Amino acid sequence: MVQKEIVSYFTEQYNTQPLVIKAPGRINLIGEHTDYNEGLVLPASIEKAIYFAVSPNESGEIKIETFLTQPEKITFQLNGKHNKYARFWGNYFKAIIDILVEEKYPLKGMNCVFGGDIPIGSGLSSSAALCCGFIYAITKISGKALTREHIALIAQKAEHKIGLNCGLMDQYAVLFGKKENAFFLDCKDLSHSYIPINLKGYSWVLINSNIKHNLAVDSEYNKRRTSCENIVELVQQNKKNVKSLRDVGLDDLQLISTKADKTDIKRARYIIEENSRVRQMMQALTAGNAQNVGEILRQGHWAMSSQYEITTPELDTLVKIGEELDGVMGSRMMGGGFGGCTINLVETSKLNTCITSLLEKYKERTGIDAEYYHLAIDDGVKEMN
Ligand code: GLA
């Protein structure tokens, strides 16, 4: 429906059929905050997406209109040189245009209308969808396509310019995802493979805690990254070839335990153990073992809560409620943290009662209305026409 509305609005405005690009959001089964530590992640691209309707123009301007949160219009010049915008998406696009100008990319004029159904600030990577979709669109219209790897790097650089020192998980998931599969990415060498996530008799469910985050503004995300880097620096004093936490073992943490900050140690331990959970999750999915999948989700959540300290009381409450319910195999908060959705594995025969109880009990305990989303895994960024 979203796609239809955008296309019909575009056609009314510009009197021509646009090229339509779908840029999906992403979930993450396990492997949180491991990406910027050259670790392992297991995300997947989803049906919820941002749609860009675009066509070339001769005006030498990039004219953009959106309905994403509220109706807005911005015209960008091809040479960059813009002030900051009041709206978050304007600043992302400004950052992208600046990077393309820096790279001497030959930009051309474009008309663009975009909108979508990814909830913003909910851990489903609306910003990676926004950036990767826009870069794909503008480079396609300009006539010099970029590789998906290159698009991912530009999108990541745009996030860094905005203030979030993120890894590459979101951009890779959004660009390389495949229908019905999770995407296993080794962030050390960016090698990847796919693994089916359908477990017979079980359903994947998202519950939005409706606590919204803004990771680029809340510096807690970047503080976690600094903690990890502090530990790497200390380990490097004895082991010169260590480049990231991926090269650090629990025994290395033991050796620096008197020198290192206690909180940094706790966080590094979380990262090392989270990488193991990704491997365990791969095994559990391959074996079709829903019990183990659920258990790994639960362990991942409580580690994020007590060791990495990136959950919120509301997200902890959602996971606790799941633990009390017959039919919920396991759940965990997803994404950068400090708000957003949980991902839950639920017995399909008990799906309706579990969802109703989750929402009701959450409201009882927090006073907040949570939302339920059906989870469908779809392809990464693609052209729809
Ligand atoms: C955000 C970042 C990612 C990743 C996740 C946590 O989504 O953009 O790079 O670090 O948080 O796993």
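Q: Is S209 buried or exposed?
A: Buried means under 20% relative accessible area, exposed over 50%, and partly exposed in between (1.4 Å probe, protein chains only). S209 has a relative accessible area of 0%, so S209 is buried. This is a predicted model, in which local features need pLDDT of at least 70 and side-chain atom pairs count only at pLDDT 80 or more, whereas totals for chains, interfaces and linings use all residues. Residues are numbered from 1 along each chain as its sequence is written, and side-chain values use heavy atoms, with hydrogens and water left out.

Q: Where does S209 lie, and which residues is S209 in contact with?
A: Helices (H or I, at least four residues) and strands (E, at least two) are DSSP runs, numbered from the N terminus. S209 lies in the loop between β9 (202-208) and α6. Contact means heavy atoms within 4.5 Å. Neighbours within four places in sequence aside, S209 is in contact with L315, L318, G339, G340, C341, Y362 and I368.

Q: What does the side chain of S244 make a polar contact with?
A: The side chain of S244 pairs with that of E38 at 2.9 Å. S244 is placed in the loop between α6 (220-236) and α7 (250-255), and S244 is buried, with a relative accessible area of 6%. Apart from neighbours within four places in sequence, its contacts are N37, E38 and V232.

Q: Does N241 count as buried or exposed?
A: N241 counts as exposed, at 65% relative accessibility. The loop between α6 and α7 holds N241.

Q: How is the protein divided into domains?
A: Domain bounds come from an automatic or database domain assignment. Here they give domain 1 (2-196 + 379-383) and domain 2 (202-375). The C-alpha centres of the two domains lie 25 Å apart, and 36 residues of domain 1 are in contact with 45 residues of domain 2.

Q: Why does the ligand lie between the domains?
A: Both domain 1 and domain 2 give residues to the shell around the ligand, so the ligand lies between them. A residue is near a molecule if one of its heavy atoms lies within 4 Å of it; the residues surrounding the ligand include R26, E32, C166, M169 and G335.

Q: Which atoms lie 2.5 Å from an oxygen atom of the ligand?
A: A polar side-chain atom of D35 lies at that distance from a ligand oxygen, as does one of Y221. For H33, a backbone N or O atom lies 2.7 Å from an oxygen atom of the ligand.

Terms used:
Polar contact = N/O pair within 3.5 Å; in protein donor to acceptor, adjacent residues only side chain to side chain.
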